[in-house]
Amino acid sequence: MKAFSYERARTPAEAAAAAAEHEDAKFIAGGTNLLDLMKLEIETPAHLIDVNGLALDTIETTPEGGLKIGALVRNTDLAAHKRVRKDYALLTRALMAGASGQLRNKATTAGNLLQRTRCPYFYDTAQPCNKRSPGSGCAAIGGFSRQLGLVGVSDACIATHPSDMGVAMRALDAVVETVKPDGETRTIPVAEFHRLPGDTPHVENALEKGELITAMTLPAPVGGKHVYRKVRDRASYAFALISVGAVVQPDGTGRVAIGGVAPKPWRVEAAEADMKRGAKAVADGLFANARPTHHNEFKRTLAERTLGSVLTEARG
Amino acid sequence: MPMKFNEPAGANPIDRQKVIGKPFDRIEGPLKVTGRAPYAYERHDAVENPAVGFVVGAGIAKGRIKSIDVTAARKAPGVLAVVTAETAGKLGLGKYNIAKLLGGPEIDHYHQAIAVVVAESFEQARAAAGLLRVDYAAEKGVFDLRGTKDTSVKPKPSGGDEPDSAKGDFAGAFEAAAVKLDETYTTPDHAHAMMEPHASMASWDGNKVTVWTSNQMIDWGVSDLAKTLGLPKENVRLVSPYVGGGFGGKLFLRADAVLAALGAKAAGRPVKVALPRPLVFNNTTHRPATVQRVRIGAGRDGKITAIGHETWSGNLPNGKPENAIDQTRLLYAGANRMTATRLALLNLPEGNAMRAPGEAPGLMALEIAMDEMAGKLGMDPVEFRILNDTQVDPENPERKFSQRRLSECFRIGSGRFGWSARKQPGETRDGRWLVGMGVATAFRGNLVMKSAARARLAADGRITVETDMTDIGTGTYTIIAQTTAEMLGVPLTQIDVKLGDSAFPVSAGSGGQWGANSATSGVYACCVKLREAIARQAGLDPLKADFADGQVTADGKSVALAGVANARDIVVEDGIEFGDLDKRYAQSTFGAHFVEIGVDHATGESRIRRMLAVCAAGRILNPKSARSQVIGAMTMGAGAALMEELAVDKERGFFVNHDLAGYEVPVHADIPHQEVVFLDETDPYSSPMKAKGVGELGICGVAAAVANAIYNATGVRVRDYPITLDKLLSAMPEVG
Ligand SMILES: Cc1cc2nc3c(=O)[nH]c(=O)nc-3n(C[C@H](O)[C@H](O)[C@H](O)COP(=O)(O)OP(=O)(O)OC[C@H]3O[C@@H](n4cnc5c(N)ncnc54)[C@H](O)[C@@H]3O)c2cc1C
Ligand code: SF4
């Protein structure tokens, strides 16, 4: 870990402004991802801005009947929130499938969305990795890639976004709210939030330098059955091989997002038109441009089969 | 003169079983659960204000260091010293090491230690370590076991065993057999993945060094540290009273101890070093991967007529093979037999012992083969095993087993588990889940090792036992106290046990599941001597003296132990040495593992529902700690079956998933229900304790029982471990 300076921000605008002032500043929320990466010198911020005191830890009803979730709401609290459990059960289920109780107590909504990939080569600084050090190459391509992605990937990077929460947020059409260093606020649909790697895999999202997430909002509830199925080698405390988050309406229409297959929570709205025709049709749409490796091609079959099982459960 | 164990044990005070055989809680348990048992890295009670060393591992698998630039690191805040092979002076190689513990300029494997940076604080040392600039000349290496079959060689005999064995006419009998199986199985590299990383704290006094460490075999460690540092053995002291898990990964001297000593020397002050978690996987040893071919031929009656087992594994130069054929030489009857062990050169980190080396991976293959064979014969897998059970060494039928109740384990287990409810493959469904049952034999040799101890009776009647034996979480403290209490006829609370210090007599150490039986036997020998000394001091005839209820009694006269020793403690030292009973009789431990599993029909996820082990392993010294060993081993076996695999990058030559997020071991949710039954038995051929070991028996066969249960659930036979869902998916039923 490199030595760093540290400050506690008092308001969101102040935090964003402070971040713009420093060359290498980072916000720190729960720290459950950032600190690990700093210890391994994968992240080397010179300055940390602690955002835990920003009072962004409430969940409020929006005028449209949706929810506004503060960026600092802990994963545990978000999952346990009455309205979330009732109207956005997919989100509760996705959160509860992630990490462990201790981690969820610390992890925040914004931090979760911004957690970085679990590609094992990204974690080993002796290995080439375009995401960690642009231009150095990608050790995972041709290496051990069982966990990695097959859609939305590029020749530069095949990493996945590991979040469970993100999959639910994507299926529920969440919107990210931010404030920039100049005080300007904006909203970014979660669909547009994460960037595909292309040849710049180190650029992972739409945030600008110093831009702070203040909240995520969910539109009014869409009803339907909410199912989150996370598939993994061990029963708990493991990242998803793949996960399926689905909202299925009584008439058989619905939405589906997939985790563990792409650099972002993977949803293809056009494919959802085929929901009534079953899992195969939807999966064909979701994975139309898939480029699996030998190690991870099973994920295509697995996603389709899991979706089939989820649809059965939702209809049953 | 140590006690010689040359003939089967007769009646002795241990048979009273007033203290031995009772489920006492671990006597050091309260210290551990309250955080008061200091582990090596926290010996601040022994060493004030140590500096901290951070180990740097090589970033290539094979090649040379062209240069290391330490300038920036040396200048970094708080840095006291940077030690590399260039500056360390001449270092020897330990007897139990095959690659240097401080590498350079040649690099033998990935994450081989190449430097230790010593600083005032951990953070400073780690930050400075990041400033080292290492320039490598990488070379191509060999990393893929499967590509080495043709270049592998017949290794030197290891552990007294020839690499090949043969009996009768295997080829002819196999050819002629009515029912045959010829299949190849693979097991991956496994990590010990113990909770406590390798850690040491070193302090010099002149040219003498004391190292507080985490090690299973103190005397091996002392010898090898002395050899590595070029010191006389008496100048080295190792202290390791608590070990946070080892599983074979801490049998040997490793880089943490050497670098703590070198760092302390360079810094001129005590230094502590713990391997960072990502280094544990590639810097230390692991269980090597195997490719195994099993051939079994049988008559239609189910009797095995031919059994052959060949195994391939790889290692660094001078490394040993994984003896995965071991059990096959002794486990099932059959007149015609062969085994062969081959070894390839691989430039991966060193392969070495992990919990039940040989048998653990060997049974992973053999016991699937037995299940497949039972299927071909249309026999129940339990009945097939019972039919081929033997009471003699099948290679050498004059040699009997000292005790062998394998069939009984199966019969008792079948009843308890409800084995008769098992259906044909793919026939049991519970909602989303395909459900199946599997069984396998547990078998592990009974090794014994010479072991000594010192015992002391104080004036107040307290007895202290000292031995360099280790407690690696197994319950050694408790069973040694139980042995002493039984021998001296005093309550457990009267005994103090001190372990893991090379200042104490040399013990068996903890490995090969020999620790409990051998170390308590050494303590038994020592207690026999203490009894004589006490009787004599009390003016009683040592030959007639009986020890019970805190008194020694002979010829109608009783004397309380408290008070026998006066101003001077009564101190004795003795140990035990084992003769050739283990050659004259085949000695093993036995068991049967039963597993019920559910496999999600859609995703192929396998989730264990319940497990049962029935074990026959001599006298059980403490059923609570023994059970704890077996359930832990069953859990590790479940990991081997379902998830554990060091993923090899075959180009870059290292284990990629080198942390506990990437190398998955079972969590609680994976292990819902476990039951363990011990047969009530004693084995007088094993030791005066009439005990054996259970810590490794528990893992042997588990993975195959899981594999067989998955087959019974799904009808899909997977022969490559771990049985992850990707290997099942294509053959799973339609989703519905
Ligand atoms: C052992 C382990 C297992 C895990 N398992 C899972 C799992 O199964 N599923 C899963 O989904 N996740 C899992 N996680 C990841 C976990 O969910 C994340 O670490 C956590 O959500 C991150 O939140 P945090 O608040 O701690 O973020 P931090 O570590 O504080 O920050 C993460 C990143 O977000 C940035 N950031 C934080 N807040 C803001 C803000 N308001 N605006 C802009 N930038 C911000 C930080 O600068 C940093 O770059 C696991 C983590 C661990 C350590
Ligand atoms: S897949 Fe992406 S994160 Fe992984 S090594 Fe390649 S570039 Fe780095």
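Between chain B and chain A the count is 2 salt bridges, where a salt bridge is a side-chain nitrogen of Lys or Arg within 4 Å of a carboxyl oxygen of Asp or Glu. One of these pairs A:Arg229 with B:Asp600, whose closest N and O atoms are 3.9 Å apart.

Before I go on, a word on conventions: this is a predicted model, in which local features need pLDDT of at least 70 and side-chain atom pairs count only at pLDDT 80 or more, while totals for chains, interfaces and linings use all residues. Residues are numbered from 1 along each chain as its sequence is written, chains are lettered from A and ligands numbered from 1 in the order in which they are written, and side-chain values use heavy atoms, with hydrogens and water left out.

Back to the interface, where 36 residues of chain B are in contact with 34 residues of chain A, contact meaning heavy atoms within 4.5 Å. There are also 15 residue pairs in polar contact between chain B and chain A, both residues at pLDDT 80 or more; a polar contact is a pair of N or O atoms within 3.5 Å, and within protein one must be able to donate a hydrogen and the other to accept it, with residues adjacent in sequence counting only if both atoms are side-chain atoms.

Turning to the ligands, how many residues surround ligand 1? The number is 32, and the closest are A:Phe27, A:Gly31, A:Thr32, A:Thr108 and A:Asp164, a residue being near if one of its heavy atoms lies within 4 Å. Oxygen atoms of ligand 1 lie 2.6 Å from a polar backbone atom of A:Gly31 and 2.9 Å from a polar backbone atom of A:Asn33, whereas for A:Lys26 it is a polar side-chain atom that lies 3.4 Å from a ligand 1 oxygen.

Ligand 2, finally, is surrounded by 13 residues, the closest being A:Cys119, A:Cys129, A:Cys138, A:Cys157 and A:Ile158.
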